[in-house]
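Subject: Structure handover

Hello,

Here is the structure I said I would pass on. My notes on it follow below.

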Amino acid sequence: MQGIDGDSIASALHVNGIKTLSHSLRFYRSRGFFCGIGKCSSCFMTVNDIPNVRTCITPLKKDTRVLEQDRVGVLSYKQFIDRKRKKIATDITIVGSGPAGLMAAITAAKQGVPRILLVDENHLIGGQLIKQTHKFFGSKEERAGIRGIDIAVEFEKQVKSFKNIKFMLETTVIGCYNCKKVHKLIAVKRLNDGDQLFEINSKKVIFACGAMENMLAFPGNDLPGVYGAGGVQTLMNVYGVKPGYKVVMIGAGNVGLIVSYQLLQAGVNVDRVVEIMPKIGGYHVHAAKLRRCGVPIFTSYSVKEVYGNNKVEGVILVKVDNSFKPISGTEQDVSCDTLCIAVGLTPSIRLLEQIGAKTEYIPEAGGHIAVHDRFMKININGIYVAGDSSGIEEASTAMIEGELAGISAAASLGYDKNAQKLKEKCKKALTQFRSGPFGEKPRICKEKIACCWNGGINY
Amino acid sequence: MGGSTINNYEKTGFLTIKDLKIPTDKQLKKGVAIIECIQEIPCDPCVTICPVESITMKDINDIPKIDYDKCTGCKRCVSICPGLAIFVVKLKDEKAQITLPYEFLPIPKVGDIVKALDREGKSRGQAKVIRVNRSNKTTVITIEVDKNLAMGVRNIKMD
């Protein structure tokens with residue numbers, strides 16, 4: 001089987017018609033990929049004898065042997081046995097090179113921090129910006145009117161122009177330890193001849209790990225062809241692979257609306273967008289773009305079940321009442337080969353939890369988040385958080401939060417040129433962004449976080 | 001979500017003439033930008049790009065307001081708007097020239113006859129492509145339709 005340069009293993013398989021990547025342990029049900037960005041475990045396969053490889057983020061290389069694994073993966077040999085771990089010492093480590101992480105790195109570099117390390121598990125810099133082919137909203141400072149993909153290119157150029165920023169791609173941080181003077185991160189870098197373990201000793205750490213897509217519970221939700229909207233976006237816009245021929249989109253928030261539009265641009269038929277709420281959650285302008293292309297949006301509708309023989313063949317949709325209960329007799333059977341789920345995101349905070357961050361469940365943030373102060377510092381000295389992993393929001397605000405975290409971390413190392421002024425500028429921009437009706441959720445989220453920081457709230 | 005009432009466009013996803021401020025015939029003859037952006041979202045590139053300051057906002061979350069007398073119909077806002085929500089409409093004799101953003105392939109050529117679609121994606125007849133500007137990834141296309149479709153047609157489809 002063949003793929004092309006730049007493919008991931010999963011995208012190459014998909015283009016060759018292979019959507020089933022594994023089978024479930026107990027009932028041997030077919031499983032395909034879901035998130036497409038290395039956050040879930042849906043695409044695990046055995047690659048060159050190594051089990052549990054996330055094929056969605058593993059670049060395809062020459063003579064790669066890919067096998068389906070139907071049981072719990074077993075390591076055939078000890079990967080690290082002959083390799084000594086390498087030690088790296090640095091001033092600031094940033095985990096994640098999305099909009100928040102990149103902005104944090106650039107800001108800290110501008111402040112004059114001598115050693116900055118940017119770690120990302122993907123093989124491309126930019127996080128999810130690399131699939132955002134639409135123009136961003138906001139003001140000129142936040143690059144409004146420019147497409148996410150172009151922002152990623154611009155950021156990459158900037159990051160590479162700083163001699164004090166080093167980056168490690170295809171590197172996964174698997175552990176972090178809170179030590180007295182420096183924090184210890186354990187990371188695995190995937191090299192051509194096997195994996196290399198690294199011990200990163202860093203004075204400050206900024207976690208900008210992003211978020212992962214939510215799943216919905218309904219019969220058939222594990223069939224290959226039920227994909228996260230972000231996964232579909234990655235497949236189309238990063239790898240140039242069509243996810244299917246006829247798509248039903250679940251969720252009319254901005255992600256659902258934007259991905260539906262991009263599916264149309266890719267030449268895929270979007271049958272309809274389905275939204276359980278009585279109104280469209282995303283921006284009207286995104287909905288209007290879809291509507292004038294003839295795509296209907298069904299509000300107060302939900303998915304009852306997906307059916308098909310080892311792959312999606314259709315979906316049963318149902319109208320819901322005011323309390324979101326299905327109204328029997330209103331079922332509609334829609335044939336499709338792809339069901340796309342865009343029902344929100346959950347912040348990725350596993351590393352923060354591991355290092356001992358104080359966490360709190362905040363519904364408006366999308367789940368549990370690490371409690372942080374106004375300048376993105378968490379309860380542990382020298383640890384900062386930014387972007388979606390500090391509460392689900394937009395790429396524009398992630399950039400500002402990254403900037404804020406970068407300034408804070410640099411200042412705590414003594415590189416505090418104009419720090420106060422810069423911080424206030426960021427705070428002002430954030431307040432402005434969150435002041436409209438669509439900023440209500442993040443505004444409440446950040447207010448609750450501030451409450452938690454000042455002693456906690458009781459629910 | 002609160003108990004607030006839901007506007008019709010929040011259910012359907014498209015605006016009707018009632019939701020918009022319609023320019024006078026005199027203003028339309030000169031050619032003006034119709035901004036179909038009626039929600040308070042944090043976004044202001046249209047304000048920044050307007051060369052004659054005809055689009056104004058109190059702050060970034062405000063709804064853009066356009067002074068049809070100041071607007072020259074220069075079309076710069078059509079391609080910068082991230083929401084693809086700005087159109088320029090100009091009346092000329094018995095025809096209406098509608099300038100709209102278009103982000104699909106293939107890109108039509110001047111002289112092509114295409115399907116004219118309304119805000120619901122329904123066909124409202126045929127349109128002639130009279131100008132194509134590809135300076136940006138958002139292609140800006142001007143079509144000519146019957147005068148009575150000036151405020152109805154907002155998209156095109158290639159056959």
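Two strands count as paired if DSSP finds at least two bridges between them. Helices (H or I, at least four residues) and strands (E, at least two) are DSSP runs, numbered from the N terminus.

This is a predicted model, in which local features need pLDDT of at least 70 and side-chain atom pairs count only at pLDDT 80 or more, while totals for chains, interfaces and linings use all residues. Residues are numbered from 1 along each chain as its sequence is written, and chains are lettered from A and ligands numbered from 1 in the order in which they are written.

Sheets

In chain A, strand β3 (residues 44-47) pairs with β5(A) in the antiparallel sense over two bridges. There, Thr46(A) has Leu67(A) of β5(A) as its bridge partner. Both strands belong to an open antiparallel sheet of three, in the order β4-β3-β5 (chain A). Its edge strands, β4 (50-54) and β5 (66-67) of chain A, each pair on one side only.

A second open sheet, of five strands with parallel pairing, runs in the order β13-β20-β14-β15-β16 (chain A). Because β13 (226-228) and β16 (297-299) of chain A are at the edges with a single partner strand each, one side of each has no neighbour in the sheet. From one strand to the next the twist averages 20 degrees. Strand β15 (residues 269-275) of chain A runs parallel to β16(A) and is joined to it by three bridges; Val274(A) stands opposite Phe298(A) in β16(A).

Contact between the chains

With contact meaning C-beta atoms, placed from the backbone, within 7 Å, 34 residues from chain A and 35 residues from chain B take part. On the chain A side, α6 (284-291), β16 and α9 (419-433) each give two or more residues. The largest share, eight residues, comes from α6(A).

Regards

Note on methods: Axes are lines fitted to C-alpha atoms, for helices over the stretch in contact, and angles run from 0 to 180 degrees between N-to-C directions. Two residues are in contact if their C-beta atoms, placed from the backbone, lie within 7 Å.
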